[in-house]
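Here are my notes for you to read alongside the structure. Go through them one point at a time, and find each spot on the model as you read.

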Amino acid sequence: MCTSIAMKTKDFYFGRTLDLECGFGEKVVITPRNYPFFFREAGVMLNHYAMIGISSVSDGYPLYAEAANEKGLCIAGLNFPDNAHYSETCKKNKEAIAPFELIPRILGSCCTVAEAEKVIEMIDIISIPFSSSLPVSPLHWHIADSERSITLEAVESGINVYDNPVGVLTNNPVFHFQMTNLSQYLNLTAEYPKDRFGNNSVCPLSPFGQGFGAIGLPGDNSPASRFVRTAFYKNNSVCGDTEASSVTQLFHLLDSVSIVRGSVLTPDGKYDQTIYSCCINASQGALYYKTYENSRITAVMMKSEDLNQKKIIEYPLRTEQDFFMQN
């Protein structure tokens, strides 16, 4: 369970919630331009664009959940169980890329969604695990720049790429269902509703509170409902022209779909929760995050680091609640 958002205000912002029953050793990881990415079947990428995101690190290799590169291109991988399907062998004249290699492969070489689409045409996503202890994750991907969003899904029929005009992604079902389902909520509005109930002169009615225009907005934690809710709030979002306003607003959008511990019980008896929420100012290379246990926003700036070195830069997430004592 996860939700991602692409949003343009004064700059371009990309954010997501990461919803799981437990953490995975996640850190803020900056990969500089000269860190070598050794792909399992596609050779080595010695030089590439720098990137920042939240990742676990295994054997010195960053396994990004989401990231943005220095050119402003962003990708998030979201859980897509049962629907995700990867090839066992690479198709002829294609480049074999494992699911965990997709984010560095695209962010390392592409500046825009249009360039990413060209790379996607060249690759085949192959079912190669990172290791025996880290099995292949069933994912689909939200790819966005300041102008466009797309959704990439590898399913049994092949690799599908969809334009994503709402700039939102959650989980199952497939993306074209989410867009069809969204049509059921065309009536929702942020405006104060008018009385359309029969003959108004005979039976005059008026709302007895604010927010009646959005009655019917789904409030549960299912992927389809989170998709609709995020699309509605994003479409009606209003924020100022400062960095603080944009970052705060995106976190409010993410808060609208964050998972409260105890509200979602998994089949094996564990509780899903929003492990972290993050917001990346992709125009500036700044990553902001908060965790389930620490709601204070922490920032890491990619451009403050030496981006020409070969070693990845890691910042553990600050997970203990940080209170500001006012007296």
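**Notes on the predicted model**

1. Let's start with D59, which is exposed, because its relative accessible area is 78% and anything over 50% counts as exposed. Keep in mind as you look around that this is a predicted model. You'll find D59 in the loop between β6 (51-58) and β7 (61-69). Have a look at its backbone too: D59 is not a glycine, yet its phi is positive, at about 55°.

2. Now for D82, where phi is near 75°. That is again a positive value in a residue other than glycine. D82 sits in the loop between β8 (74-79) and β9 (95-97). Is D82 buried or exposed? With 78% relative accessibility, D82 counts as exposed.

3. Which residue is joined to P173 by a cis peptide bond? The partner is N172, and omega for that bond is about -5°.

4. Follow on to helix α3 (residues 175-182) and compare its direction with that of helix α4 (residues 223-235). Two packed helices are described by the angle between their axes and the distance between the axes. Here the axes come within 10 Å and cross at roughly 60°. That angle makes α3 oblique to α4. As for handedness, α3 passes α4 in a right-handed crossing.

5. Beyond α4, look for C239, which is placed in the loop between α4 and α5 (243-255). Its relative accessibility is 26%, so C239 counts as partly exposed; that label covers values between the 20% and 50% cut-offs.

6. Last stop: the surface patch. Which residues form the nonpolar patch? They are F38, V44 and L46, and together they have about 290 Å² of accessible area. Zoom in on V44, which belongs to strand β5 (residues 44-45). V44 has a relative accessible area of 41%, so it is partly exposed.

Conventions
Residues numbered from 1 in each chain as written. Predicted model: local features only at pLDDT ≥ 70, side-chain atom pairs only at ≥ 80, totals over all residues. Heavy atoms only, no water. Patch = residues over 30% accessible without salt bridge, like charges linked within 9 Å, V, L, I, M, F, W, Y side chains within 5 Å. Areas by Shrake-Rupley, 256 points an atom, 1.4 Å probe, with all protein chains shown as cover. Salt bridge = Lys/Arg side-chain N within 4 Å of Asp/Glu carboxyl O. Helix = DSSP H or I, 4+ residues; strand = E, 2+ residues; numbered from the N terminus. Buried < 20%, exposed > 50% of the residue type's maximum accessible area, 1.4 Å probe, protein only. Axes fitted to C-alpha atoms, helices over the stretch in contact; angles between N-to-C directions. Parallel < 35°, antiparallel > 145°, perpendicular 65-115°, else oblique. Left-handed = near helix turned anticlockwise from the far one by under 90°.
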